[in-house]
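Read them with the structure open.

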Amino acid sequence: MKEYKSDKLRNVGIVAHGGAGKTSLTEAMLFNSGAVNRLGRVDDGSATTDFEPEEIKRKVTISTALAPCEWCDHKINIVDTPGYADFVAEVKGALRAVDSALIVLCAASGVEVETEKVWNYAAELGLPRIGFVNKMDRENADFYSVVESMKEKFGNGVVPVQLPIGAQDSFKGIVDVLKMKAYLPQKNGKEYTETDIPADMVDKCDEARMALIEAAAEGNDELLTKYLDGEELSNEEVRIGLLAAIAQAKVFPVLCGSALKNIGVPQALDSIINYLPAPGISPVIGYHPVTKDPVERSVADPFSAMVFKTTADPFVGRLSYIRLYSGSMKPDSTLYNVTKEKSERFGTIFTLRGKQQDPVTAVHAGDIVVVAKLQETGTGDSLCDKDKPIVFEPISYPKPMFVRTIEAKNKGDEDKIGQALARLMDEDPTFKVRKDVETHQLLISGIGELHLDIMSERMKRKFGVETLLANPKVPYRETIRGSAKVEGKHKKQSGGHGQYGHVWLQLDPLAPGAEFEFVDSIFGGSVPRQYIPAVEKGVRDALAGGLLAGYPMVDVKVTLTDGSYHTVDSSEMAFKIASGMALRKGVLQAKPVLLEPIYSVEVLVPESYMGDVIGDLNTKRGRIQGMEPIGGGLGRVKAQVPLAELFRYSIDLRSITQGRGSFDMNFSHYEDVPARIAESIIANAKKDKVEEA
């Protein structure tokens, strides 16, 4: 592939709700441009951008894939993204790398949940957007209904630039509203016959053209004046006006076609070049790493770039996907990672088309490329000329809320699992790993169940580690609600020195969060000073092991009030054992209870779902703390919910709100487990203990 300057580049992210056909559209674009010589299909696993084994198996896009093609003396960097919520990190990273988004919609399903989400992600970044109503050949396809739905959701800036000729079984071509010409595909789909608009569509096309001219005029003051004066605008003037309005994200053109039948795809490629902006139309804003002052970069400025995706390949090593904002890159050079304050040497620069690597000799501002084996550089890092530093705002990712435990299926893989998890965290910023210090379990967290299942499959495929996933243990605790005074005596004689330790302990409850207090109230030497630390150690060890269900006991005050000793047989070990015996006896007399962690949960949902969300939280033993509208049709629900009820809440919330809800949770406090539930937990703990023995 030859070198392209910024004005001949287009970077477009293909985004959609899962199943709308964006990967099929990407494949058709590659085929029409000659980048691939056969039209691959998702269903048979031959699509260029769905090449990971997990994608082929499930027939869904899981990872963002780069797919450049050449069209009309331009290079289009197509970035195909996943359509399922579990892989939102891939979408958000991709949208930071592109200059515009092509939103694919199914002609039968219209605007769906993820359609709204990806539209909003693009809007947050101020990206120009263009719609493509796909599957016009499908049963129940209705282009006009989809456009009306888009206008309801996204505003009146939604304007068709194409209309379909027919629908469902009768779909056979498209009308270009600007040129007022019909285009009918030939057998191979690459060639089209230009003809007059069907007679029964003339009125609709005239109406659509007037709406298009009005939208174009609003994007340019000169054109607006000319339009208001009643002068006719040429097609080129309309295109220029549209380009300006689209770049400002005021107008959103809508195309149509069928990716599988390859109808409307060449016209979509034309529209990307004609209507979407080239890189560098506006300077990119960052900040100085030291002064934090705003810094601008234009395409002609010194080198600056950002890594928007990282993959870990067991054979090639780490691959870094880089978007250049300014300057240029050449192979066998050094770049400066301003985020990590490290310089890195790299060799070959290449572009990827799916998994196919194509080396490039030089890269200019606006382009997207891949570099291998950068040791220090990760996703979101800023790269620049060391003498002209700039840091770009990091990519915003949602907090991973779905948690599972992970362990190696086979003994001997424990060491390999840590390395594999670290490599996967490099790839995916929404995949997190931590060790729970209380339950001693290794926990992984992600966006949803599918996300973590995919990570488990990748560990097996890439690193040869089979794993088991399960719900985490709840870090219960125990405490007492009453007081008790108890005696503990350890006396043993077996010839020679015996063992003798004798203590009296007073147990009292402490305020929540006080943890533990040990008081020495011995007077007169009934327990010699050298044995006092052993008494405290025995108490602490017994508390740590728990008395009800094996969970740590907290918020207990233990006072050593009396005891006795033997000048020969007493020892630290004897007093440690005696104090542990006393504590275990005393806890049973001091009204022991099981405690569970309670989390503060904040849920953001469309107001229409607030009642359902509140009802569901009530079934989870949640206490509603408040609810309020926050604007934009959204409401906030605050509640306190036991952690034991929250492990699958991300799945439940997605189901209740059709994927429109989100939540955050943070630890609040511990409180008593209801008696009925506590009995079950204690019984299971005793059963597990017997089985382990």
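1. Contact here means heavy atoms within 4.5 Å. On that basis, residues 24 or more positions apart account for 72% of the contacts in the protein with a separation of 6 or more. The model is predicted, so local features need pLDDT of at least 70 and side-chain atom pairs count only at pLDDT 80 or more, while totals for chains, interfaces and linings use all residues. Residues are numbered from 1 along each chain as its sequence is written, and side-chain values use heavy atoms, with hydrogens and water left out.

2. Overall figures. The protein has 16 helices and 36 strands; helices (H or I, at least four residues) and strands (E, at least two) are DSSP runs, numbered from the N terminus. Taken along the principal axes, the C-alpha atoms fill a box of roughly 110 × 55 × 50 Å. Of the 693 residues in the protein, 54% are buried. Buried means under 20% relative accessible area, exposed over 50%, and partly exposed in between, with a 1.4 Å probe and protein chains only.

3. Strand E1. Residues 9–16 form strand E1, and eight of its eight residues are buried. Which residues cover the two faces of E1? Leu9, Asn11, Gly13 and Val15 lie on one side, with Arg10, Val12, Ile14 and Ala16 on the other, and all are buried. E1 pairs in the parallel sense with strand E3 (residues 74–80) over six bridges, and Lys75 in E3 is the bridge partner of Leu9. E1 also pairs in the parallel sense with strand E4 (residues 100–106), over five bridges; there Leu102 is the bridge partner of Ile14. Two strands pair if DSSP finds at least two bridges between them.

4. Helices H1 and H9. Two packed helices are described by the angle between their axes and the distance between the axes. The axes of H1 (residues 22–33) and H9 (residues 265–275) come within 9 Å and cross at roughly 85°. That makes H1 roughly perpendicular to H9. Angles under 35 degrees count as roughly parallel, over 145 as roughly antiparallel, 65 to 115 as roughly perpendicular and the rest as oblique. Axes are lines fitted to C-alpha atoms, for helices over the stretch in contact, and angles run from 0 to 180 degrees between N-to-C directions. H1 contributes Leu25, Ala28, Met29 and Asn32 to the contact, and H9 contributes Val265, Pro266, Ala268, Leu269 and Ile272. By class, the contact of H1 with H9 has eight nonpolar, one polar and no charged residues. Ala, Val, Leu, Ile, Met, Phe, Trp, Tyr, Cys and Pro count as nonpolar, Asp, Glu, Lys and Arg as charged, and the others, Gly among them, as polar.

5. The sheet E7 to E10. This open sheet of four strands has the order E7-E8-E9-E10, with antiparallel pairing. E7 (162–165) and E10 (192–195) stand at the edges, each with a single partner strand, so one side of each has no neighbour in the sheet. Neighbouring strands of this sheet are turned by 25° against each other on average, direction ignored. E8 (residues 173–176) and E9 (residues 181–185) pair over three bridges, and Ile174 stands opposite Tyr183 in E9.

6. Strand E15. All ten of the ten residues in E15 (residues 317–326) are buried. Nine bridges join E14 to E15 in the antiparallel sense, and the two strands form a hairpin with three residues between them. Ser326 in E15 is the bridge partner of Ser304. E15 also runs antiparallel to strand E22 (residues 368–372), joined by five bridges, with Ile322 opposite Val369 in E22.

7. Helix H11. What does H11 pack against? Its buried residues, among them His451, Arg458 and Lys462, pack against helices H2 (53–58) and H10 (414–427) and strands E14 (304–313), E24 (402–408), E26 (442–446) and E27 (467–470). H11 (residues 449–463) has 15 residues and reaches 21 Å from its first C-alpha to its last, close to the 21 Å expected at 1.5 Å a residue. The expected span is 1.5 Å times one less than the number of residues. Gly464 follows H11 and has a positive phi, near 70°.

8. Lys355. This residue lies in the loop between strand E19 (349–353) and strand E20 (356–360). Lys355 counts as exposed, at 62% relative accessibility. Leaving aside its neighbours within four places in sequence, Lys355 is in contact with Thr48 and Phe51. The C-alpha atoms of Lys355 and Asp50 are separated by 9.1 Å, with the two residues 305 apart along the chain.
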